Amino acid sequence: MLNFLADKAYVFWILVLLFGYLYYMGGDDIIFFRKKKHEIDPKASEKLADALNGFIRSRDFKVMGPTTIEFEGKEYSFDSLLFTYSGIVAFSLQPQIGETYADLASDEWTTLWQGNRTKMANPLKAMEVNEKLFKDLFRAESVKYIKVQNFVVFTNKDANVVAPRNLPVCHANDLAQKLSDKCLADNGANIQGMMDAIEKYKK
């Protein structure tokens with residue numbers, strides 16, 4: 001009997017030491033201790049799609065999911081495209097965690113998370129080529145497009161963005177309101193024509 005209890009105690013302390021070691025090496029990653037916060041949102045694309053589909057539900061607008069276009073020998077990729085009567089809106093998806101400080105002029109944006117500071121290239125600057133791309137593409141296809149807009153969207157539930165009010169940057173939770181402020185004007189853009197033109201150059 002004593003030997004049996006001694007064996008049980010031995011196993012118990014081995015398990016205690018094992019779990020202690022695992023916690024020390026990375027307890028945040030172990031479901032036994034605490035659910036890990038995702039540093040990169042694994043459902044970022046779904047959240048953007050849900051936000052856009054919610055926005056167009058009662059409107060005669062269209063959404064195109066992740067899209068790559070090849071035009072005049074160059075490739076351009078988009079996380080999503082929105083077609084409205086005011087024109088076309090291109091989206092850049094940001095799934096990372098933390099508080100990001102954004103502006104239009106800087107080459108880099110800063111993100112803070114748990115005392116760590118990281119830098120990222122300003123996605124709005126990278127998207128500046130979109131206006132010329134769509135202007136040339138729609139002109140080549142004789143399509144009325146009116147205006148090109150770019151939006152940067154954060155999706156992580158533990159993300160926050162600090163930016164000027166008029167900057168086209170927001171969390172997915174606030175996207176519908178942002179789009180309502182900028183994309184409801186009826187300027188006569190040809191929604192189906194824009195979509196058909198892009199389909200012609202999709203990869």
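Predicted model: local features only at pLDDT ≥ 70, side-chain atom pairs only at ≥ 80, totals over all residues.
Of the 203 residues in the protein, 39% are buried. The secondary structure consists of six helices and eleven strands. Contacts between residues at least 6 apart in sequence were also examined; 60% of these join residues at least 24 apart.

In general, strands of a sheet pair through backbone hydrogen bonds, in either a parallel or an antiparallel sense.

Strand 4 (residues 80-84) is largely enclosed by the rest of the structure, because five of its five residues are buried. The cut-off for burial is under 20% relative accessible area. Ser80, Leu82 and Thr84 point one way. Leu81 and Phe83 point the other way. Residues on both sides are buried.

Strand 4 has a paired neighbour in strand 1 (residues 62-64), with antiparallel pairing over three bridges. Here Met64 has Leu81 of strand 4 as its bridge partner. Strand 4 also pairs with strand 5 (residues 87-94), again in the antiparallel sense, over five bridges. A hairpin of two residues joins strand 4 to strand 5. Within this pairing, Leu82 stands opposite Val89 of strand 5. Leu81 has Ala90 as its bridge partner in strand 5.

A search of the whole structure finds six salt bridges. One of them joins the side chains of Asp41 and Lys47, with an N to O distance of 2.9 Å. Asp41 counts as buried, at 9% relative accessibility. Lys47 counts as partly exposed, at 30%.

A second salt bridge links Lys203 and Glu75, whose closest N and O atoms are 2.6 Å apart. Lys203 lies in the segment after helix 6 (191-201), and Glu75 lies in strand 3 (residues 74-78), so the pair ties together parts that are 128 residues apart in sequence. Lys203 counts as exposed, with 60% relative accessibility.

Lys202 also takes part in a salt bridge. Its partner is Glu199, and the closest N and O atoms are 3.7 Å apart. Lys202 is partly exposed, with a relative accessible area of 31%. Glu199 is likewise partly exposed, at 44%.

Thr68 provides another view of this region. Thr68 belongs to strand 2 (residues 67-71). Its relative accessible area is 24%, and it counts as partly exposed. Thr68 and Lys203 are 135 residues apart in sequence, but their C-alpha atoms are 5.8 Å apart in space. With neighbours within four places in sequence left aside, Thr68 is in contact with Glu75, Tyr76, Ser77, Tyr201, Lys202 and Lys203. These contacts include Glu75 and Lys203, the two partners of the 2.6 Å salt bridge. They also include Lys202, which is bridged to Glu199.

The surface was also searched for nonpolar patches. Tyr101, Leu112 and Val162 make a nonpolar patch of about 220 Å². Leu112 is found in strand 7 (residues 108-113). Leu112 counts as partly exposed, at 31% relative accessibility. Membership of a patch requires over 30% relative accessible area, so the 31% of Leu112 lies over that cut-off.

Technical notes
Residues numbered from 1 in each chain as written. Heavy atoms only, no water. Salt bridge = Lys/Arg side-chain N within 4 Å of Asp/Glu carboxyl O. Buried < 20%, exposed > 50% of the residue type's maximum accessible area, 1.4 Å probe, protein only. Helix = DSSP H or I, 4+ residues; strand = E, 2+ residues; numbered from the N terminus. Patch = residues over 30% accessible without salt bridge, like charges linked within 9 Å, V, L, I, M, F, W, Y side chains within 5 Å. Areas by Shrake-Rupley, 256 points an atom, 1.4 Å probe, with all protein chains shown as cover. Contact = heavy atoms within 4.5 Å. Pairing = 2+ DSSP bridges.
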